[in-house]
Amino acid sequence: APHRPRVSPVAARVAAELGVDLSTVSGSGSHGAVTRADVERAAAGGQGAAPSPPAAGPDAGAAVAPVEEGATSSAKDRSAAMRAAIAAAVEKSKREIPHYYLWTHVDFHRALEWLARENAKRGMDDRILPAALLLKATALALRDFGELNGFWIDGAFRPGDGIHLGVAVFLRGGGLVAPAILEADTRPLGDLMRDLAGVVGRARSGGLRGAEMTSATVTVTNLGDRGVEGVLGVIHPPQVAIVGFGRVVERPWAEGGMVGVRPVVAVTLAADHRASDGHRGSLFLERVAALLQKPEEL
């Protein structure tokens with residue numbers, strides 16, 4: 001088997017953020033370990049920049065080991081390197097992937113009413129946020145729309161080995177990363193909520209696990225807490241879709257010939273036209289909306 005360098009958890013996290021292929025980075029740490037500084041130098045110099053690899057199990061990529069960090073560059077340099085890498089990845093995605101975009105609005109009042117009743121039974125530390133409902137509905141809908149859950153590699157679609165939702169996390173120091181919640185469609189809501197809190201915390205502390213960084217089969221971005229009503233994302237290659245959610249807003253809503261005010265959430269899809277089409281994408285969004293009308297079954 002080929003030698004895989006040791007990589008500190010922080011270096012692994014930064015590599016995921018900057019799109020750096022760790023197999024191309026020479027380590028300057030103890031026993032040749034790759035440090036954060038090595039990753040940042042590679043990103044700044046344009047070396048090893050690549051999209052995250054497709055799902056290949058927990059052992060994909062470089063081995064992660066807790067090693068000592070070497071000297072790091074300034075926060076300003078790190079931010080500039082991250083922004084340059086993100087810009088390169090987005091430019092490549094928009095240039096090479098034929099995106100199509102769809103969006104719909106979903107009546108969210110049944111979900112919120114059920115959530116209030118459910119959380120009243122739970123302790124403060126065990127409560128479920130609306131984001132967990134959105135993630136679970138997305139994961140369940142993907143069971144029937146596998147062409148949105150996988151990778152475009154070497155001119156062909158390769159389905160994911162499970163439904164592993166990459167959740168976009170905005171980092172306090174700038175930039176973002178999308179660690180995966182593995183097998184999200186099989187997780188009970190309470191467990192999914194804990195999974196979400198766990199990956200967000202580990203992303204911001206530099207403690208992401210190897211499988212969380214390399215296994216995402218589709219990405220979900222939720223900008224509702226930023227006050228945005230909707231988001232049309234850019235696909236993260238080699239993935240073929242990204243699902244977006246905005247904030248819950250009150251809107252006039254007609255149902256059964258009656259007009260009222262309902263909490264509404266915008267759900268969007270950006271997908272690769274080589275792997276799917278607008279008809280299937282529309283049915284996917286319709287399925288997400290239908291699932292959110294029966295939150296007790298999620």
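Leu 133, Leu 134, Ala 137, Thr 138, Leu 140, Ala 141 and Leu 142 of helix H5 touch Phe 284, Arg 287, Val 288, Leu 291 and Leu 292 of helix H8; contact here means heavy atoms within 4.5 Å. By class, this contact of H5 with H8 has 10 nonpolar, one polar and one charged residues. Ala, Val, Leu, Ile, Met, Phe, Trp, Tyr, Cys and Pro count as nonpolar; Asp, Glu, Lys and Arg as charged; the others, Gly among them, as polar.

The model is predicted: local features need pLDDT of at least 70, and side-chain atom pairs count only at pLDDT 80 or more, while totals for chains, interfaces and linings use all residues. Residues are numbered from 1 along each chain as its sequence is written, and side-chain values use heavy atoms, with hydrogens and water left out.

**Overview**

- The protein has eight helices and 13 strands. Helices (H or I, at least four residues) and strands (E, at least two) are DSSP runs, numbered from the N terminus.
- Of its 298 residues, 48% count as buried. Buried means under 20% relative accessible area, exposed over 50%, and partly exposed in between (1.4 Å probe, protein chains only).
- Among contacts with a separation of 6 or more, 67% come from residues 24 or more positions apart.

**Helix H5 and its partners**

- H5 has 13 residues. From first C-alpha to last, H5 reaches 19 Å, close to the 18 Å expected at 1.5 Å a residue. The expected span is 1.5 Å times one less than the number of residues.
- H5 is mostly covered, with 11 of its 13 residues buried. Among them are Ala 132, Lys 136, Thr 138 and Leu 142.
- Two packed helices are described by the angle between their axes and the distance between the axes. Axes are lines fitted to C-alpha atoms, for helices over the stretch in contact, and angles run from 0 to 180 degrees between N-to-C directions.
- H5 (residues 130-142) packs on H8 (residues 278-292) at about 130°, with the axes 9 Å apart. That angle makes H5 oblique to H8. Angles under 35 degrees count as roughly parallel, over 145 as roughly antiparallel, 65 to 115 as roughly perpendicular, and the rest as oblique.
- The crossing of H5 and H8 is right-handed. A crossing is right-handed if the near helix is turned clockwise from the far one by less than a right angle, and left-handed if anticlockwise.
- H5 also meets helix H6 (residues 189-205): their axes come within 9 Å and cross at roughly 105°. H5 and H6 are therefore roughly perpendicular to each other.
- On the H5 side, Ala 131, Ala 132, Leu 133, Leu 135 and Lys 136 make the contact; on the H6 side, Leu 189, Leu 192, Met 193 and Leu 196 do. These residues divide into eight nonpolar, no polar and one charged.

**Helix H4**

- H4 (residues 109-120) has 12 residues and reaches 17 Å, close to the 16 Å expected at 1.5 Å a residue.
- His 109, Ala 111, Trp 114, Leu 115, Glu 118 and Asn 119 are buried in H4. Their cover includes S3, H5, H6, strand S13 (258-272) and H8.

- Pro 130 lies in helix H5. Its relative accessibility is 30%, so Pro 130 counts as partly exposed.
- Beyond its neighbours within four places in sequence, Pro 130 is in contact with Phe 108, Leu 112 and Leu 115.
- Pro 98 sits in the loop between helix H3 (75-96) and strand S3 (99-107). At 34% relative accessibility, Pro 98 is partly exposed.
- Leaving aside neighbours within four places, Pro 98 is in contact with Ala 271, Asp 272, His 273 and Arg 274. Pro 98 and His 273 are 175 residues apart in sequence, yet 5.6 Å apart in space, C-alpha to C-alpha.
- Pro 238 is in the loop between strand S10 (218-222) and strand S11 (241-245). A cis peptide bond joins Pro 237 and Pro 238, with omega about 5°.

**Positive phi**

- Most residues other than glycine have a negative phi, and most peptide bonds are trans.
- Asp 154 has a positive phi, near 55°. Asp 154 is in the loop between strand S4 (150-153) and strand S5 (156-159), and is exposed, with a relative accessible area of 77%.
- Glu 183 also has a positive phi, near 50°. Glu 183 lies in the loop between strand S9 (180-181) and H6, and counts as partly exposed at 33% relative accessibility.
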